[in-house]
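Please consult the sequence and the structure shown below.

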Amino acid sequence: MAKLKFISIIALALSLFKCGRTPSSSSNWNSFSGDKNIERKVDSVLNLMTLEEKIGQMSQFSANWSVTGPVMPDDFQPYLEKGLVGSIFNAVTVEGIRKMQEIAVEKTRLGIPILFAYDVIHGYKTIFPMPMGEACSWNLELIKRTAQIAAEEAASDGLHWTFAPMVDISRDPRWGRVMEGAGEDPFLGSAVAKARVEGFQGGTDWRSLKETNTVLACAKHFAAYGAAESGRDYNTAELSEHTLRNIYLPPYEAAKEANVATYMASFNDVNGIPATANKWLMSDILRGEWNFKGFVVSDYTGINELVPHGVAENDKHAAQLAVNAGTEMDMTGSTYIKYLKQLVEEEKVSEKTIDDATRRILEMKFLLGLFEDPYRYLDENRAKNTIQKPEFMQTARKAVAESAVLLKNDNNLLPIRKDSPKKVALIGAMMKDSINLNGEWQGRGDRNQPVSLFKGLQEVFRNSSVQFSYAQGCTLTEATSKSVNEAVTIAKNSDLILVALGEDFNWSGEAASLTDIRLHTAQRELLKALKQVGKPIALVIFSGRPLDLSWENENIDAILQAWFPGTQGGYGIADVIAGDYNPSGRLVMSFPRNVGQIPVYYNQKNTGRPVNFDNPQGDYRSKYEDSPITALYPFGYGLSYTTFSISDVKLDKTVMERGGKITITAKISNTGNTDGELVTQLYVRDLVGSVTRPVKELKGFQKTALKAGESKQIQFSLTEKDLEFYGIDMTRKAESGKFKLWVAQHSADNANELEFELK
Ligand code: NOJ
């Protein structure tokens, strides 16, 4: 029935098109697909629509089955029945989505299908490590694969569109949303953004959007949301245009290069104009410079928030500013549905603006195949056979192990060999925890499902000679003398203490900023008591952000950063602890020594009075009196159970001609007794620029498996394009002059330094 109605609408629309009726405004619309046939179809549908119906397409409502912001008072049912809803988010399950789609398709005048969206951030049902953790794998294939799986699960449950990837550069670990991105670096952030977009959308070709195992991606939050002052969520981003362009914008642009279908406007003010109303960002840069042809959705009530931002007098004014800036869809704010018609009548918004926005939204529905069959994603059996397939769970376990970063490992305390007759005391608030392991934004994940570390260890060490004992010791926020004493008692009777501590999942993610990023006092009390026991301690940390681990670094023998690892958390981390997987994770965000240093990031500027590291306390230098300026653990850092060396670094030439290329070769060796993987990192420094340049910039990386004792030759290349940046005139180009170059194991590794020149 619905399908029949559908076919008749399209037939009608196309016949009108053939009869020569054209859309109400003349179109200079450039479609996302560039396919003239699709453009014609879109225009034919547009031609049937009233102004109100078009505005309906620009309106998104939350089904409130999973609330991710302030609940809006508007019940959207009446809009739905009038065909005035373009998209719904937070509606889930094939059955639930079908009910709403049926109303749109069968009960409304035109029967235009709805676009269903959801926050599928790091998995839908199978939850993968939190995105920043996963980025620490530096494994782009893996990152792409987990996004693909998330898309496949979500699409099988009826969804068309995910609000991911989050590509905001984050330099401030107080900001709870650092967990959602790929860390502090624009180069790595861009590569990860591309991998995630391609994973969700099934590649870079718009035709793959029609597959029922892909979803539209949404690069967010455009722009500079991660630059929130003092790490306080939603706070102002005040930054120079060259920092914006050189540091913050590249991952959003990379998403465009991967052909992302949509963007989300960020909540924050960017240099005085909130992004949602920022024409320069939304129109001049996104559409003008980058040629983006999909559509932009606001963030949750982001349009209404233009009022408290103080740039709009009321919601109506806010709608005017947002739509004229280039924000095409209103997420749950009801400003468009309420005021756009009036604004068009008052000629404050042109009908062309409305037509173009509607076209962009309709086109996505065409590309998803919804006009052919609005129910094509709705198949209970497919959902049942897709969700949490064994292969997905295996990938999740691998992702957990690859995301973990070994921060310290004195005396090779880890791994715990399965054949050693060791007594291991398992202690800590996170040892038996499942509830927190999915972290924030767990899609449709089940908080009770993640495998606890305790369970993972039991499984991985089954039939081994290792003997475990257990005491909780403390909760995340409380240590009683009784609980601490129990832990101390079993610790005394052990050869090794394995402690799992960290954060509640609610302490990171949206609206979860902190001013103190140390382990909670209760947890540190427990650690101090255990330290008194005098046995070696290995600490596993589950957290949504880099913590201040200065005390732990001083006092604990081994530290493994496990992030929030998701469904298979306990298994993947136990694999690392047992040495079944040799840790290969490398940090994508620097760990500060204290909050006073924040923001601390590797690609900083030199200043006019840089610290002389041969005399770091030398006076009148850019330093602190009470702390080193360096990170505790820098970007790119992470240990392995083996050791590596990088040698014989050579350039094929020391002068790069314009349009030319330099090839860098290096010998990488596994110098230890265990097979492992090395992330070799290529950094450059542009010594003199028209604007000041970072002391180091990542320009390449490779993850290579090396058997114990094995060496391999690897190769990087650098072209003029790799050296480009936005200089004094805000154009992007490479400036002639000298560059330093390092092939390194992390951002503070200066062992292999060379120089070249760009002509
Ligand atoms: C607000 C968040 O900032 C955004 O990332 C998310 O996609 C929306 N809420 C929808 O849940």
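Which residues does UniProt list for "domain: Fibronectin type III-like"? The unreviewed UniProt entry gives residues 678-747; such positions follow the numbering used here, feature names are shortened, and annotations may be inferred rather than shown by experiment. The end C-alpha atoms of this span lie 14 Å apart, and its content is 0% helix and 57% strand.

The model is predicted: local features need pLDDT of at least 70 and side-chain atom pairs count only at pLDDT 80 or more, while totals for chains, interfaces and linings use all residues. Residues are numbered from 1 along each chain as its sequence is written, and side-chain values use heavy atoms, with hydrogens and water left out.

Helices (H or I, at least four residues) and strands (E, at least two) are DSSP runs, numbered from the N terminus. An open sheet of 3 strands has the order 5-6-9 with parallel pairing, where two strands pair if DSSP finds at least two bridges between them. Strand 5 and strand 9 stand at the edges with a single partner strand each, so one side of each has no neighbour in the sheet. Neighbouring strands are turned by 30° against each other on average, direction ignored. Strand 5 and strand 6 are joined over 3 bridges, and Ala219 has Tyr263 in strand 6 as its bridge partner. Helix 11 packs on this sheet, touching strand 5, strand 6 and strand 9, and its direction makes about 150° with that of strand 9. Contact means heavy atoms within 4.5 Å; axes are lines fitted to C-alpha atoms, for helices over the stretch in contact, and angles run from 0 to 180 degrees between N-to-C directions.

| Strand 5 | 218-222 |
| Strand 6 | 262-265 |
| Strand 9 | 295-297 |

Phe295 is found in strand 9 and counts as buried because its relative accessibility is 0%; buried means under 20% relative accessible area, exposed over 50%, partly exposed in between (1.4 Å probe, protein chains only). Its C-alpha atom is separated by 9.0 Å from that of Phe32, 263 residues apart along the chain. Among the residues that Phe295 touches are Trp161, Tyr263, Arg287 and Met364.

Helix 9 (residues 241-248) is largely enclosed by the rest of the structure, because 7 of its 8 residues are buried. Its buried residues include His242, Arg245 and Tyr248. The elements covering them include helix 8 (186-201), helix 11 (279-289) and strand 23 (725-726).

Conventions:
Lists of a residue's contacts leave out its neighbours within four places in sequence.
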